[in-house]
Amino acid sequence: MRLDLIIRNGSLVDEHGERAVDIGVADGRIAQLTITGGLTVTGEPEIVDAAGLWILPGFVDTHVHCRAPDHPEREDFASGTAAAAAAGITTILEMPIAAIGVAHPDILNARRELAERDTHVDFGLYAAPGSLDPKLIHALAEAGACAFKIFTLSVPTDRGRSFEGISIINEDDIYRALSIVAETGLICAVHAENDALLRLGREQARAQHLTGADAFIAAHPQAAEAMAVAWMVVLAEATQARVHIVHMTSAWALDFLRLAKRRGVPISAETCPHYLLFDETTAREHGCWAKIAPPLRPASDRAALWAALVDGTLDILASDHAPFLPHEKEAEDILATPSGLPNLEAFPPLMLSEAHAGRLAISHMISLLTARPARLYGLYPQKGAVQPGSDADLVLYDPKAQSTIDTSTWQSRSRGSARIFHGLHYQGRILRTIVRGKTVYQNGQVVGRAVGAYGAR
Ligand SMILES: [Zn+2]
């Protein structure tokens, strides 16, 4: 077979550990994987010498918000996937919050067309099951939705249409939605905070005249998260839907997840880099700039999240890249500003650096960023693996480099809101990102045509 690309003398580091390899790529796939010096070379391939570098499977981020078509000024598919490419992320799964929530196949197809025009990495699109209409929900699955997503809370009234079909508050409606999603076999991702307790928390924050981080923390009590996760544990068992809890933050909620796993409930969960890197101290120091829902928690919760990654209670890591522009984040009343931060370009580099520092074994960390999310969402081994036949989604990584985050160089349009990450030092550097054999990022630049394709499922 004629090879298009050869990567020589590198160390493949994946969930199985580290080994010296040469890799041959043909037609966008891994064609040969041999010990160093073992390739059979035919054709005139591009040759990359990876001596001293690690070759990693491209990262799979299952929780990304791109904001197009309703708010492209915050992020569109081009800028969001450029940010992903710069971070070594070769597949994103994008959340169904659009001009109108993605509860109808026509909306899914329109977003797909929009994204296919200028996407630098491969992508899948979530859909929303809030219509509770079996025909529509099955049609969304048939149209290629990678998974479903719901919020168990109401959303700000000015964002109502964007969340149409996504926000499902009552337990009977959630039950109905999950029963139908279960028939599709797809994951249902859940933002789990109890609506009634959030409302109470907000009222109490106002009544006590709390401001800044204190107001936001009071408005999103840990009880709201624990309550919603407990509900989802029961509802996942009752409906046998594959429930996935996004952005878990607290030890309390983790205990319900442990109970569910002991009972054999089809449930999985993620946490996000900000909950592992920061705690309430950062929330208080940075106010609106650290406003993320659920909020940053006490240091004891942060420690519990790391422990849950080590013991397998948490299944994967995801970014929850949620871009908003600086003027939107900056407001006197913290409760009136949107929750969320852009963080794609911080996510894998900082997580790998935490592994270098000994928080988790390197192979375990890489698994949390690659093989595990790919398996969970049915993408493995096309994605998340470096083996013959897999897509040639690869990252060249210098494990020894010392780096500092400069958010002014980020690809994300909302980079100005990423203040909590600016200036952080970390070990390691992503040198090159390859999607199906094509280099999309190299030497600090996004390069080449936008080659990203739909169908990450
Ligand atoms: Zn999100």
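Hi everyone. Before we look around, one term: two strands count as paired if DSSP finds at least two bridges between them. Please also keep in mind that this is a predicted model.

Which residue is the bridge partner of Phe59 in S7? The partner is Ile89. Phe59 belongs to strand S6, residues 59-64, and S7 covers residues 89-94. These two strands run parallel and are joined by four bridges. To get from S6 to S7, the chain passes through helix H1, residues 77-86, and this β-α-β crossover is right-handed.

Now let's step back to the sheet around them. Eight strands make up an open sheet with parallel pairing, and the order is S6-S7-S8-S9-S10-S11-S12-S13. Its edges are S6 and S13 (316-317), each of which pairs on one side only.

Next, the inside. As a general point, nonpolar side chains in soluble globular proteins tend to be buried together. In this model, the largest nonpolar core has 158 residues. Those with the most contacts inside that core are Ile55, Tyr126, Ala145, Ala147, Phe148 and Cys188. Helix H7, residues 222-239, supplies the largest share, nine residues.

Setting aside neighbours within four places in sequence, its contacts include Leu93, Glu94, Met95 and Pro96, along with Ala145, Cys146, Ala147 and Phe148.

Finally, the whole chain. How many helices and strands does the protein chain have? There are 15 helices and 17 strands. The radius of gyration is 21 Å, close to the 23 Å that the globule rule gives for 457 residues, so the chain is as compact as a globular protein of that length. Along its principal axes, the C-alpha trace spans about 70 × 50 × 45 Å. Of the 457 residues, 57% count as buried. And among contacts between residues at least 6 apart in sequence, 74% join residues at least 24 apart.

Note on methods: Residues are numbered from 1 along each chain as its sequence is written. This is a predicted model: local features need pLDDT of at least 70, side-chain atom pairs count only at pLDDT 80 or more; totals for chains, interfaces and linings use all residues. A residue is buried if 20 or more other C-beta atoms lie within 10 Å of its own, exposed if 12 or fewer, and partly exposed in between; C-beta atoms are placed from the backbone. A crossover is right-handed if, with the strands pointing away from the viewer, the path from the first strand over the helix to the second runs clockwise. A nonpolar core is a set of buried Ala, Val, Leu, Ile, Met, Phe, Trp, Tyr and Cys residues joined through C-beta atoms within 7 Å. Two residues are in contact if their C-beta atoms, placed from the backbone, lie within 7 Å. The radius of gyration is taken over C-alpha atoms; the globule rule is 2.2 Å times the number of residues to the power 0.38.
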